Amino acid sequence: MKIYSCCGTDSITKKYACSKCSESKHEEKEVSDKGTVYSYTKIHIAPAEFADIAPYNVVLIDLDEANAKVTARIQEDVEIGDAVKLSRIENGAYVYEKIQNTSAVV
Amino acid sequence: MTNVYIHGIGMTKFGKLESSLKELLLEASTEALNDAGRPKIDAVFVGNFMGGSISNQEILGALIANDLGLGYIPSTKVEGACASGGIAFRQGILGILSGEYETVLVAGVEKMKHASTPDVTQAINSAMDTSSTEKHAGLTFPGFFGVLANRYFYETGATKEHLARVALKNRENGVRNPLAQFPKPTSLEEILAARMITDPLGLFDCSPMTDGAAAIVISRKKSPIHVRSSSQVSGPTQMQDAVDLLSIPAIGESGRLAYEKAGLGPEDIDVIEIHDCFSMTEIIATEELGFFNRLEGWKAVEEGRTKVTGDKPVNTSGGLLSRGHPIGATGIAQLYQLVRQLRGNAANQVANNPRLALAQNLGGTGSYSTVHILERV
């Protein structure tokens, strides 16, 4: 997973300019897609384009190898602290899955 | 400090209404103009979010100027998602501060109830960064605050019952406000048992779809209600960009600026309308605005401090949760309630003649926030 860093801040989104130095000199680095669940929700009432898959889980994941978070969809029900990894990228969305039999504490 | 004063207010009933977008706008504006004594208006600003996408109706500014016979004056529609009303009000203030206008009409309107819930949810999603991976993951606005709430529970002693207490308080206030959308009383049990919208937020934790409009007349000429300060900031447009999920910096920073410009602090404020798009949002906003310590807003709810009878009454109108949330009108409706409080004739009038009032209006998941501080002079 690609991470963009500048002025000590990591992000999975690439900005045109850094909010601190206003420059566009982000360092790109490749990090593991593994992380832990920072928080989650199960969406029951969905917008029209996702109505066919509702209810579905959306999670905010704290990446293990960067000081950055990523929003993703996940098949299983999860709790805060669960270890997760990328399953696939689907229609522009990160789709994660639980790493079985392990649990990390945030 | 500004040299701007409020002269008139108007508001339609909120709920499911037969009137068209234009009729709602004209009704609220006429009431505000009459309340102000029919002054000459130099400009019009309108807050609206989905008139184009849901009602196929734009040119809202010109509709007002033309149908209310205001003459060949400038008029502008302002969009800032759910903060459209607060931003329109601020644009009116800036127009007066610039010296260009003496008296301005600001209105806010939305018409949502005629469309289906998936279609409205889809239209509301345009206030996200629609090219982002998190939008493609299916995140929604309620979803953002659901994710926030689960983390808030994890880091504090708060539970779903604290969210329910916010919803219950705002319903109790809404029941006593004849303009509010929901006149029916409820109970903690009913709120906790309601169907889930996005875990842990149930039906009563989420603001409804609403039709309605509100309007306000402001002027450089003096009146008993002074706009002591106005602030607006932008914040992160994606959840995955938040440095701290339990902080909405746009709210905190707009509050800090408004206090600084007004030369006062949260301890001075007597009555408050804040943007409770979700029960969770009200708790976070009370912390960001400095009324309570960080991660302790839920305790203030438990202690009843935000009730009409509390030391920091929040959303005496019923808030977005029970007054209703016609998106573009909300920021103006908050000011309507506060002017009534300062005039001493509000629904759920707070005791001891409040003098200082604060309105905070939020757009997106923290993309925009405005704060206005009003003073009875």
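## Helix α10 of chain B

In this predicted model, helix α10 of chain B covers residues 249–262, and its 14 residues reach 20 Å from the first C-alpha to the last, close to the 20 Å expected at 1.5 Å a residue; the expected span is 1.5 Å times one less than the number of residues. Helices here are DSSP runs of H or I with at least four residues, strands are runs of E with at least two, and both are numbered from the N terminus.

After α10(B) comes Gly263(B), which has a positive phi, near 70°.

## The sheet of chain B

Nine strands of chain B form an open, mixed sheet in the order β3-β2-β4-β7-β1-β8-β11-β10-β9, two strands being paired if DSSP finds at least two bridges between them. Because β3 (75–78) and β9 (271–273) of chain B stand at the edges with a single partner strand each, one side of each is left without a neighbour in the sheet. On average, neighbouring strands of this sheet are turned by 25° against each other, direction ignored.

Within the sheet, β1 (residues 4–11) and β8 (residues 225–234) of chain B run antiparallel and are joined by three bridges; Ile6(B) has Ile225(B) in β8(B) as its bridge partner. Helix α1 (residues 21–35) of chain B lies across β1, β4 (103–110) and β7 (212–219) of chain B, and runs at about 35° to β7(B); such angles, from 0 to 180 degrees, are taken between the N-to-C directions of axes fitted to C-alpha atoms, for helices over the stretch in contact.

## Where chains A and B meet

In chain A, 30 residues are in contact with 30 residues of chain B, contact meaning that C-beta atoms placed from the backbone lie within 7 Å. The largest share of the side of chain A that touches chain B, six residues, comes from β4(A).

## A record for chain A

UniProt, in an unreviewed entry, lists residues 29–86 of chain A as "domain: ChsH2 C-terminal OB-fold", an annotation that may be inferred rather than shown by experiment. Over residues 29–86 of chain A, the chain is 0% helix and 52% strand, with its end C-alpha atoms 17 Å apart.

## Numbering and confidence

Residues are numbered from 1 along each chain as its sequence is written, while chains are lettered from A and ligands numbered from 1 in the order in which they are written. In this predicted model, local features need pLDDT of at least 70 and side-chain atom pairs count only at pLDDT 80 or more, whereas totals for chains, interfaces and linings use all residues.

How values were computed:
Two residues are in contact if their C-beta atoms, placed from the backbone, lie within 7 Å.
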